[in-house]
Amino acid sequence: MKRVDLSAEQVRDLQGMVSGKVSTNESVLDQHSHDESAFPPVKPSAVVPVASTLEVSRVLAYCNVHGIPVVAYGAGTSLEGHVVPLYGGISLDLSGMNKILEVSPDDLLVRVEAGVTRMALNVKLASDGLFFSVDPGADATLGGMAATGAAGTTTVRYGSMRENVMALTAVLADGTVIATGRGTRKLSAGYDLTRLIVGSEGTLAIITELTLRLFGIPEKMAAAVVRFPTLNDGVAAATAIVRSGISIARCEFLDAQCIRNLNAYDKMSMPEEPTLFFEFHGSPKGVIEDANAVKELIEDFNGSAFEWTSEESERRKLWQARHNAHWAAVAAHPGMRTVSTDMAVPLSKLSAAVAMTQETLARHRFPFSILGHVADGNYHCQIITDPANPTERDEIREIVHAITMEIIAMGGTCTGEHGIGAGKIEALEAEIGTEGVAVMRAIKKSLDPHWILNPGKIFLA
Ligand SMILES: Cc1cc2nc3c(=O)[nH]c(=O)nc-3n(C[C@H](O)[C@H](O)[C@H](O)COP(=O)(O)OP(=O)(O)OC[C@H]3O[C@@H](n4cnc5c(N)ncnc54)[C@H](O)[C@@H]3O)c2cc1C
């Protein structure tokens with residue numbers, strides 16, 4: 001595919017279809033040229049802000065006829081080059097579609113526009129004693145989170161976007177508007193188009209509205225921290241806790257380097273050892289029972305004293321620190337960027353997978369740290385790279401690819417939550433085979449025959 005640059009007339013035509021200002025201003029193009037990954041930026045030819053499903057439909061119908069690539073842009077926090085407009089065209093900015101349309105406390109549902117961010121949604125829901133559970137750390141948009149199939153620290157208890165998106169309004173490449181799913185707890189009506197679009201990374205349709213599942217804010221929340229002499233002890237303890245069936249709301253692993261970075265970034269003084277952060281949700285009595293059960297179990301894995309808090313400000317501080325891990329790694333290496341990897345394995349393979357990853361990375365010269373949603377068998381490495389040195393980036397890509405191939409050989413997946421983007425195209429084929437990719441390609445071709453939606457992501461044209 002060749003890069004597409006818009007003519008002045010095409011920019012004018014698009015301006016006639018939307019209420020916001022279509023921009024070709026360099027700083028706006030720059031802002032839409034990259035995500036939070038270390039992928040080299042590529043500028044779109046124009047940025048088109050949209051304010052309604054109708055505007056999205058008009059813009060897509062036009063781009064489809066004129067062969068203009070369209071890359072949806074939410075908050076730009078994705079980590080595999082997802083929003084980089086590799087072939088130019090337009091960056092379709094959905095961040096202005098930020099209305100919370102309808103909260104239905106009796107149904108535990110909310111209907112939102114795609115540009116609403118998860119933090120803004122939770123501020124609004126708190127007044128009804130409700131919350132939306134999927135928590136990827138970054139303040140991403142709900143459209144972007146659905147498009148990447150996002151998950152996060154609370155997935156072990158409440159599920160990921162795949163379980164929590166009930167229905168969608170989406171616009172196909174030719175401008176056709178479709179409604180998928182219903183606000184019902186059960187549904188067996190034909191092909192599951194909702195889950196086809198969730199995780200499709202803006203390659204099949206543009207999501208404009210979502211109906212999401214909500215939960216009541218638990219009566220009691222408490223957090224705990226436990227340290228381990230080795231990385232393996234910590235990971236083995238986490239998997240034993242999951243197998244035991246004890247109810248945990250969060251269980252996150254951070255290696256000693258992560259803790260060191262956080263101490264510097266958040267001015268904390270945690271012992272610099274492999275650490276598990278836990279959270280428990282429920283009734284005051286239930287939370288204490290769950291925490292005690294975990295406390296007993298970790299003694300078999302050389303865990304330190306169980307530091308426990310039900311103090312709300314302490315609990316918030318701990319999880320804010322966990323969410324700062326990415327920025328703490330960046331801050332520890334000024335001028336550098338992090339390559340954030342993402343893999344998941346069956347629980348029985350987690351200890352071996354993390355040990356293999358650590359040994360492999362330790363053989364190379366790049367600083368790194370390991371952390372993860374270990375109760376889901378999902379973990380990340382933050383590898384530090386110099387953005388001014390493309391050779392270094394290629395070297396890291398090869399190391400990560402080698403680790404990913406081992407993960408796949410162990411029965412794992414190349415991505416538990418970040419998605420394929422431009423970075424895991426080969427890994428996807430290794431994981432599901434050429435036949436599986438051919439089915440995905442056939443679906444893409446039937447919904448987007450001119451290949452205008454986020455070309456160069458998930459698989460090549
Ligand atoms: C510090 C940090 C921590 C993170 N932790 C996690 C984590 O724990 N779990 C996790 O899952 N992710 C994590 N991420 C990655 C990121 O937050 C998620 O991928 C998020 O879901 C992206 O949302 P966004 O709004 O930023 O989307 P963008 O980055 O803007 O877009 C992501 C993809 O979705 C497409 N897209 C965006 N909006 C739409 C739409 N309305 N319709 C169709 N396609 C659309 C884009 O074209 C692109 O392909 C983290 C990122 C950072 C920076």
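# Notebook: ligand, domains and helix packing

I began with the ligand. Domain 1 (8-93) and domain 2 (100-216) both give residues to the shell around the ligand, so the ligand lies between them. I note here that the model is predicted.

**Entry 1: the ligand shell**

I asked which residues come nearest to the ligand. There are 37 residues around the ligand, and the nearest are Gly 74, Ala 140, Gly 143, Gly 144 and Gly 202. H5 gives the largest share, with five residues. I also sorted the shell by class. I found 17 nonpolar, 15 polar and five charged residues.

**Entry 2: the domains**

Next I went through the domain assignment of the chain. It gives domain 1 (8-93), domain 2 (100-216), domain 3 (220-327) and domain 4 (333-452). Over C-alpha atoms, their centres are 26 Å apart. How many residues of each are in contact? I found 16 residues of domain 1 in contact with 15 residues of domain 4. On the domain 1 side of this contact, nine residues are nonpolar, six are polar and one is charged.

**Entry 3: H9 against H11**

I moved on to helix pairs. I took helix H9 (residues 231-244) and helix H11 (residues 284-298) to start. Their axes come within 10 Å and cross at roughly 135°. That angle makes H9 oblique to H11. I noted the crossing as right-handed. From H9, the contact uses Ala 237, Ala 240, Ile 241 and Ser 244. From H11, it uses Val 294, Leu 297 and Ile 298.

**Entry 4: H9 against H14**

I stayed with H9 and turned to helix H14 (residues 350-362). The axes of H9 and H14 come within 9 Å and cross at roughly 155°. Why does this pair count as roughly antiparallel? Angles over 145 degrees are counted that way, so H9 is roughly antiparallel to H14. The crossing of H9 and H14 is right-handed. On the H9 side I listed Leu 231, Asn 232, Val 235, Ala 236 and Thr 239. They meet Leu 350, Ser 351, Val 354, Ala 355 and Gln 358 in H14. This contact of H9 with H14 has six nonpolar, four polar and no charged residues.

**Entry 5: H14 against H15**

I then followed H14 to helix H15 (residues 390-409). Their axes lie 11 Å apart, and the helices pack at an angle of about 160°. That makes H14 roughly antiparallel to H15. I recorded a right-handed crossing for H14 and H15. Which residues meet here? H14 brings Ala 353, Met 356, Thr 357 and Thr 360. H15 brings Ile 399, Ala 402, Ile 403, Glu 406 and Ile 407. The contact of H14 with H15 divides into six nonpolar, two polar and one charged.

**Entry 6: looking back**

H9 is oblique to H11, whereas H9 is roughly antiparallel to H14. H14 is in turn roughly antiparallel to H15. The contact of H14 with H15 has one.

How values were computed. Residues are numbered from 1 along each chain as its sequence is written. This is a predicted model: local features need pLDDT of at least 70, side-chain atom pairs count only at pLDDT 80 or more; totals for chains, interfaces and linings use all residues. Domain bounds come from an automatic or database domain assignment. Two residues are in contact if their C-beta atoms, placed from the backbone, lie within 7 Å. Ala, Val, Leu, Ile, Met, Phe, Trp, Tyr, Cys and Pro count as nonpolar, Asp, Glu, Lys and Arg as charged, and the others, Gly among them, as polar. Axes are lines fitted to C-alpha atoms, for helices over the stretch in contact, and angles run from 0 to 180 degrees between N-to-C directions. Helices (H or I, at least four residues) and strands (E, at least two) are DSSP runs, numbered from the N terminus. Angles under 35 degrees count as roughly parallel, over 145 as roughly antiparallel, 65 to 115 as roughly perpendicular and the rest as oblique. A crossing is left-handed if the near helix is turned anticlockwise from the far one by less than a right angle, and right-handed if clockwise. A residue is near a molecule or strand if its C-beta atom, placed from the backbone, lies within 6 Å of it.
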